[in-house]
Amino acid sequence: MEIFDCVSAVARPIHDFGDEFMSDDTTAAIGLRAGFAPGRGFYCRGRFGVLGEAPASVVQAVQGFLGPDLVTVGWRAGRPVMPAEEAAARYAQAVRAWGRANIPAHADVEHFNRLAQRLIDAADADGLPLFAGWRAQPVPGDDPVGAAMQRIHVLREHRGACHLAAVRMSGLSAREAMVVNLGVEQAAHYGWREPRPVAPASASRRQRAERLTDELQAPLYATLTARQRTEFAEQVTALTGTPAT
């Protein structure tokens, strides 16, 4: 498989599988048991806790795509519950628990883990602090299925960080990108206050941003052979339950 074919094949399944974890009621329940109130506290404090005790404005700048009000409220709500580092570790536990419950039993997680870790190790994290923080989170060696889900999450954070950079390089704001991608109503759901429709030219800028995102990820996949890229795409399909195309 060629490099860009592999990047394209795995991008959506990895993104969507991570979205399923983040929006699942069982994930929210883990946060409730840890002491977080209903809402975005566990999500914000857990996912962005790898950044340390940063001001909410810094968290907003790093993650980009969620609206400032959502991030500020969630980050501050989670602060009294536990330190950022502890919240990130608790969120990583939730990632692994969700993987154990949702990754199909037939998936070859050992092979996936070998290839995924090779990609993660090959990544240049300069300018990608959220990815760097998640890459630094310990991965237990005695939980291969949970470890596979954690690596999916790390790879998702890599593409997300690359995409934020690509969006800005393409002349879009994060808010505009969310409106182009999801529409006004969904952009509001993700925390953007009174988002407005964007100019038609923004659609072509978003397409450019997608191409740039693929280009920023290409060096990772260049570290795999053509055969390994095919195998990795197959493993992502198996792990995420994505229908083969």
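A crossing of two helices is left-handed if the near helix is turned anticlockwise from the far one by less than a right angle, and right-handed if clockwise. The model is predicted, with local features requiring pLDDT of at least 70 and side-chain atom pairs pLDDT 80 or more, while totals for chains, interfaces and linings use all residues. Residues are numbered from 1 along each chain as its sequence is written, and side-chain values use heavy atoms, leaving out hydrogens and water.

**View 1. Crossing of helix 7 (residues 109-122) and helix 13 (residues 226-240).** Helix 7 passes helix 13 in a left-handed crossing. Their axes (lines fitted to C-alpha atoms over the stretch in contact) come within 10 Å and cross at roughly 120 degrees. Contacts (heavy atoms within 4.5 Å) join residues including F112 and L115 of helix 7 to residues including F232 and L239 of helix 13.

**View 2. The buried face of helix 2 (residues 25-33).** T27, I30 and G31 are buried (under 20% relative accessible area, 1.4 Å probe, protein chains only).

**View 3. The setting of H153 in helix 9 (residues 144-169).** H153 counts as buried because its relative accessibility is 2%. Beyond neighbours within four places in sequence, H153 contacts M22, Y91, V95 and W134.

Notes:
Buried means under 20% relative accessible area, exposed over 50%, partly exposed in between (1.4 Å probe, protein chains only). Helices (H or I, at least four residues) and strands (E, at least two) are DSSP runs, numbered from the N terminus. Axes are lines fitted to C-alpha atoms, for helices over the stretch in contact, and angles run from 0 to 180 degrees between N-to-C directions.
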